[in-house]
Amino acid sequence: MSLHPTLQPYADAWTHSIDAISELVQPLVEGEWNRRTPCPGWSVRDVVSHVIGLDCEMLGDPRPIHSLPRDLFHVTNEHQRYMEMQVDVRRHHTAPEMTSELEYVIIRRNRQLRNESRDPGTKVRGPLSTEHTLEASMRAHAFHVWVHEQDLRTALGRPGNLDSPGAYVARDVLLDELPEVVAVKADAPRSSAIVFDVHGPIEFLRTIRVDIQGRGTLESTPALGPAATLSLDWETYVRLACGRVTPEQVKDRLKTEGDPTLTGAILRNFAVTS
């Protein structure tokens with residue numbers, strides 16, 4: 001293998017999730033492709049189209065030349081318009097067209113990964129002409145494909161893989177966002193600590209400490225006398241952090257202790273992706 005060891009976990013996570021997606025959608029009849037998913041405005045077909053589009057971009061394929069309809073209520077900014085292009089261009093594709101294109105993209109991406117010899121720090125092009133390191137790009141890609149696997153599982157009533165390789169990548173990606181959620185967006189008090197106790201297929205206890213300057217840091221040590229504690233299961237954590245549900249929709253799966261104003265602010269700002 002020529003793939004750098006730093007990149008291997010992300011390649012493994014992507015492989016596991018994309019194979020799971022392929023297995024999920026292969027037997028679907030035409031009507032099942034139209035089922036709604038937790039992604040606003042997106043059906044099963046749309047989520048799979050998005051995943052295909054993401055991998056086409058990882059392959060360096062040219063983007064489709066396509067005009068979006070004006071009545072897509074869920075498209076409200078330039079980033080969403082960018083992402084919608086790969087989706088809308090496939091909206092009338094049949095089930096066999098979708099599964100065959102997905103399989104072809106998987107074959108091409110597997111070949112690309114087998115031949116990948118670049119350094120993790122190599123700069124690569126991202127969405128909307130942004131630039132990222134190869135490592136950051138592969139990490140984000142593994143995260144997104146796993147999250148969309150979960151979207152499909154929710155839509156199809158096929159739960160699973162909440163502790164797969166992609167789930168551990170998702171855990172780390174989402175934990176990296178917690179200091180900003182707590183210290184910046186929720187404006188937690190200076191010199192305070194907020195504890196997150198997550199249980200389920202993936203378990204962790206993490207503390208966000210906010211220093212005197214208002215900067216948040218992520219720690220694995222528990223805090224004595226925290227300003228707030230949030231306890232929830234891993235699936236709920238993911239769905240909240242990815243904007244798939246609101247705090248009100250899962251309040252029976254959440255337990256909060258401490259300052260209710262602070263916990264409310266954290267939960268209102270918990271979604272870091274959508």
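Student: At the start of helix 3, what does the side-chain oxygen of Asn77 reach?
Tutor: It comes to within 3.2 Å of the backbone nitrogen of His79. That is a polar contact (N or O atoms within 3.5 Å; within protein, one must be able to donate a hydrogen and the other to accept it, and residues adjacent in sequence count only if both atoms are side-chain atoms). Helices (H or I, at least four residues) and strands (E, at least two) are DSSP runs, numbered from the N terminus.

Student: What sort of model is this, and how are residues numbered?
Tutor: The model is predicted: local features need pLDDT of at least 70 and side-chain atom pairs count only at pLDDT 80 or more, while totals for chains, interfaces and linings use all residues. Numbering runs from 1 along each chain as its sequence is written, and side-chain values use heavy atoms, with hydrogens and water left out.

Student: Back to helix 3. Which residues are buried there?
Tutor: In helix 3 (residues 78-88), Tyr82, Met83, Glu84, Met85, Gln86, Val87 and Asp88 are buried. Buried means under 20% relative accessible area, exposed over 50%, partly exposed in between (1.4 Å probe, protein chains only).

Student: What do they pack against?
Tutor: Helix 2, residues 44-59; contact here means heavy atoms within 4.5 Å.

Student: New topic. How do strand 3 and strand 4 pair?
Tutor: Strand 3 (residues 192-199) and strand 4 (residues 204-210) run antiparallel, with 7 bridges. Pairing requires at least two DSSP bridges. Val195 has Thr207 of strand 4 as its bridge partner.

Student: What about the hairpin of strand 3 and strand 4?
Tutor: There are 4 residues between the strands, and Gly200 has a positive phi near 120°.

Student: What does strand 4 do with strand 5?
Tutor: Strand 4 pairs with strand 5 (residues 216-219) in the antiparallel sense over 4 bridges. Val210 is opposite Gly216.

Student: How many aromatic pairs are there?
Tutor: The count is 6. Rings of Phe, Tyr and Trp (its six-membered ring) pair if their centres lie within 6.5 Å; planes under 30 degrees apart are stacked, over 60 edge-to-face and the rest tilted. One of the pairs is Phe204 with Trp234, edge-to-face at 6.1 Å centre to centre and 75° between the planes. Phe204 is in strand 4 and Trp234 in helix 7 (residues 234-241), 30 residues apart.

Student: Are Phe204 and Trp234 buried or exposed?
Tutor: Both Phe204 and Trp234 are buried.

Student: Why is the pair of Trp234 and Tyr237 stacked?
Tutor: The ring centres of Trp234 and Tyr237 are 6.0 Å apart with planes at 20°, so the pair counts as stacked.
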